Each structure stands twice: as structure tokens, then as C-alpha cells.
Amino acid sequence: MPESPSVPSPTTVPFRDLHRLHRIHGDASRAALLAAVESREYTRPNPIIEEFERRWAAYCSVRHAIATTSGSAALLMVYMTLGIGPGDEIITVPNTFVATAEAALLLGATVRLADIDPLTHTVDQDSARKLFGPRTKAVVPFHAYGRLAEIDALTAEARAAGIPVVEEACQAHGAARDGRKAGAWGDCAVFSFGPTKVFAGMGEGGAVVTDDDELADKLRLLNTHGLEDRLHTALGFSFRIHPMEAAYLTARLEVLPALLTERRALAARYTEAFAPFGVVHNPRVADSEEHGLYVYVIDVPDRDAFCARLTDAGVGWDIHYRAALHQQPAHQERFRDAEVPACDERQGQIVSLPMINGLEEAEVAHVVDRVTDALDAVTRSAR
Ligand SMILES: Cc1ncc(COP(=O)(O)O)c(C=O)c1O
């Protein structure tokens with residue numbers, strides 16, 4: 001009997017492979033889309049959208065979800081609903097995606113930047129607390145790369161001061177601590193279902209979730225131009241998700257737990273293999289915690305040399321993000337007084353490694369071996 005051919009070692013593993021991710025539930029999504037087309041349910045109120053909203057709220061263990069066209073739209077809708085405008089301030093961190101701040105800036109508000117904890121990359125609660133003031137209208141902690149921010153003390157203090165906490169959960173689908181998921185910690189939370197997310201739509205999509213009935217009513221009102229009883233009673237806009245996207249997401253929710261399980265197993269392999277090098281891993285979490293693993297981020301001392309080695313070895317990488325908010329060309333000036341030394345230091349060291357559903361064992365081994373070699377080289381020369 002001829003020997004079975006050995007699996008050739010891969011020469012490259014990309015940073016991301018969305019086609020693999022989307023193939024995983026291709027059949028379910030095709031069926032859901034076809035059913036949505038045949039339902040002819042395109043107007044509102046829309047049962048396809050309502051079904052998705054019910055399921056996403058249940059997944060997050062909260063009472064309400066209001067689906068939107070994108071995560072950015074969800075942020076804008078929340079800030080509008082909280083009445084944020086000129087003269088008001090929101091507090092967030094600089095290592096989040098630009099939309100967290102943009103939505104508030106578009107409303108004429110000021111964004112204050114708190115520093116991050118250098119080990120977790122999420123908000124430093126003391127730094128955020130120092131920014132509280134009479135103009136603070138929201139605290140917006142970012143669950144960085146899918147890791148839940150520790151916000152117990154911050155939330156207690158914000159609540160005592162009557163300041164709402166908006167979880168920036170756009171990267172944190174399914175992240176949890178002590179069984180409590182992202183979305184169930186703040187007064188409300190914002191999610192993105194953009195195409196690169198772990199829980200990704202066909203194109204764009206987002207949602208706000210909340211347990212607060214009154215807030216949910218206001219969010220729904222603003223989601224559709226402030227329309228009630230055929231009259232416009234509030235300033236809103238069209239933030240509504242497309243029913244086809246809602247149908248797709250409802251089908252996709254079935255596979256989210258399996259996608260997360262697979263990513264967590266891959267992250268555990270990485271974390272174990274890279275632990276001896278003593279670098280910071282955002283995904284290294286306590287047993288009581290489950291990471292959302294949008295991206296797997298480590299901090300390395302000589303990033304350029306490390307990344308060059310990965311490129312030569314055929315391992316994809318990326319940086320989330322190349323510049324923090326206060327370093328972005330469009331925003332440097334407005335944030336020139338930001339005091340965020342931990343973020344400044346981390347920003348030059350972060351690297352995102354391949355976090356792909358559907359990797360073959362030989363590919364995982366390739367990434368682990370090549371990253372180990374590169375870490376060995378850069379940490380040895382840093383000693
Ligand atoms: C942290 C964060 N906030 C907001 C957004 C914006 O979401 P969307 O692309 O759905 O508008 C993203 C998406 O990349 C994000 O990662």
C-alpha cells in the first residue's frame with residue numbers, strides 16, 4: 001500500500017482569511033437569505049429584524065437589542081439618545097477604533113482620553129475617574145481586541161455620579177467574565193457586525209443592547225427618524241439594519257459559539273507557546289474570563305525586526321492600530337493635551353497575529369514555530 005503523502009508544511013499563513021470564515025456557515029446563510037427574499041418582508045415593523053434583535057439580546061443576556069446599519073451608526077445613535085452635544089464630554093481610551101470618538105465629535109462634543117492598563121490594554125480605571133467632571137455625559141470603556149475591560153469600580157462611580165456607561169463592545173462578541181457577557185455590564189453596549197468581526201455580517205451591521213426599558217424605547221425612536229404614530233417627535237435618523245443582513249446574522253449566530261471555541265483553543269496554543277518570552281499578551285486572561293478574540297495581540301520590544309522576521313517566514317501580521325486616536329493626523333491637534341503614557345508605550349509594540357477559523361494543524365504549527373523563532377530573536381537581543 002502506498003504511503004499516504006505527508007501534509008506539506010505551509011509556507012505562508014495570512015493574517016486573516018475571511019473566505020474561510022464565511023465558508024464555515026455558507027449553507028445556513030444561503031438558506032436564510034433565500035427565506036428572507038421569499039418572505040417579501042421588507043418594510044417596518046419587520047419580523048426578520050425583530051427576530052434577530054430578540055436573539056442577539058438573548059445571547060447577551062439583556063432585554064433589548066436595537067439593530068443598526070453599522071457599529072459606527074450604533075455609536076452615533078447612542079450618543080444622540082443620551083443627548084450628547086456641544087459642551088458635553090465623553091471619556092474613552094486612545095487605542096480604540098476612531099469611530100468611538102468620531103461619533104461624539106460629529107455631535108460637537110469633546111472626547112477626553114483616559115490611559116490604558118499596560119497589561120490588559122483596557123481602560124485604567126483611575127485615569128478615567130480623574131476625568132469625571134460636570135460635563136461628562138458618558139464613559140465609553142473599550143473591550144480591547146475582544147478582552148472585557150475591568151470596569152466594576154468605574155461603573156459604580158459613574159452610576160453614583162449619574163453618568164451612563166456605554167460599553168464599546170464592537171470587538172467583543174461573546175466575551176464574558178464569570179459568565180456575564182459583554183453587553184451586560186454597562187447601561188448599554190455597542191456592537192459592530194462588520195465583515196472582519198468574529199460575529200460578522202455580509203457587509204455592514206451593528207446593534208445597541210440594553211437592559212433599560214426606557215433607554216431602549218428612546219433608542220428605537222431615534223433608530224427611525226424619531227417617528228411615532230406617524231409624527232416625528234424626536235430628532236433621529238435612519239440607522240436601521242437591512243432585513244437581509246438581519247436574516248444572515250440570525251443564521252450566523254448559530255455558529256458563533258463554535259467559532260469562539262475554536263479561536264480560544266488557538267489562543268491557548270499561542271499563549272502557552274509564547275509565555276516563556278515574558279511579553280505582554282492581551283488575550284492572557286483568568287480562568288473566570290472568556291476572551292472575544294477579535295484579534296490576538298502581543299507586545300514585542302523591537303516590533304519592526306519582529307514583523308520583518310514574520311514576513312520572511314510567511315506569517316501574516318497586522319497592527320491594531322498603527323496610530324492611537326491622539327496620534328492620528330486628523331485628531332492630533334485636538335488631543336494634544338492627552339496624558340496617556342501607557343498607551344504611548346504600548347502603541348509602538350503591539351502586533352496582531354493570525355487568528356483564523358479553519359486553520360489546519362500544519363498551519364497552526366507553522367505560526368507557532370515561526371513566531372517563537374522571531375520572539376526568541378527579538379527578546380534575546382533586547383536582554
Ligand atoms: C472598536 C470599534 N468601534 C467601532 C467600530 C465601527 O464599527 P463599524 O465598522 O461596524 O461601523 C469598529 C469596527 O471596526 C471597532 O472595531
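Tutor: Start with a term: buried area is the accessible area, taken with a 1.4 Å probe, that two parts lose on being put together, summed over both. Note also that the model is predicted.

Student: Which domains does the assignment give, and what separation do their centres have?

Tutor: The domain assignment of the protein chain gives domain 1 as 21-253 and domain 2 as 256-382. Taken over C-alpha atoms, the centres of domain 1 and domain 2 are separated by 25 Å.

Student: How many residues does each domain bring to the contact?

Tutor: Contact here means heavy atoms within 4.5 Å. On that basis domain 2 brings 40 residues, and domain 1 brings 39 residues.

Student: What area do domain 1 and domain 2 bury between them?

Tutor: The size of an interface is often given as the accessible area lost when the parts come together. Of the area buried between domain 1 and domain 2, 62% is on carbon and sulfur atoms. The buried area is about 3300 Å².

Student: Which three residues of domain 1 supply more of its buried area than any other three?

Tutor: The three supply 22% of the area that domain 1 buries against domain 2. They are Tyr-145, Arg-147 and Val-198.

Student: Which helix gives the most to the shell around the ligand?

Tutor: In total, 15 residues surround the ligand, with Gly-71, Ser-72, Glu-168, Ser-192 and Lys-197 the closest. By class, the shell has seven polar, six nonpolar and two charged residues. Three residues of the shell come from the helix that gives the most, α4 (residues 71-81).

Student: How much of the ligand's exposed area does the protein bury?

Tutor: An oxygen atom of the ligand is 2.8 Å from a polar backbone atom of Gly-71, and an oxygen atom of the ligand is 2.5 Å from a side-chain N or O atom of Ser-72. For Lys-197, a side-chain N or O atom is 2.8 Å from an oxygen atom of the ligand. Taken alone the ligand exposes 390 Å², of which the protein buries 90%.

Student: Which residues does the cis peptide bond with omega of about 5 degrees join?

Tutor: Tyr-321 is found in the loop between α11 (303-312) and α12 (341-347). The cis bond joins His-320 and Tyr-321.

Note on methods:
Residues are numbered from 1 along each chain as its sequence is written. This is a predicted model: local features need pLDDT of at least 70, side-chain atom pairs count only at pLDDT 80 or more; totals for chains, interfaces and linings use all residues. Side-chain values use heavy atoms; hydrogens and water are left out. A residue is near a molecule or strand if one of its heavy atoms lies within 4 Å of it. A polar contact is a pair of N or O atoms within 3.5 Å; within protein, one must be able to donate a hydrogen and the other to accept it, and residues adjacent in sequence count only if both atoms are side-chain atoms. Accessible areas come from the Shrake-Rupley method with a 1.4 Å probe; for residues, only the protein chains shown count as cover. Helices (H or I, at least four residues) and strands (E, at least two) are DSSP runs, numbered from the N terminus. Ala, Val, Leu, Ile, Met, Phe, Trp, Tyr, Cys and Pro count as nonpolar, Asp, Glu, Lys and Arg as charged, and the others, Gly among them, as polar. Domain bounds come from an automatic or database domain assignment.
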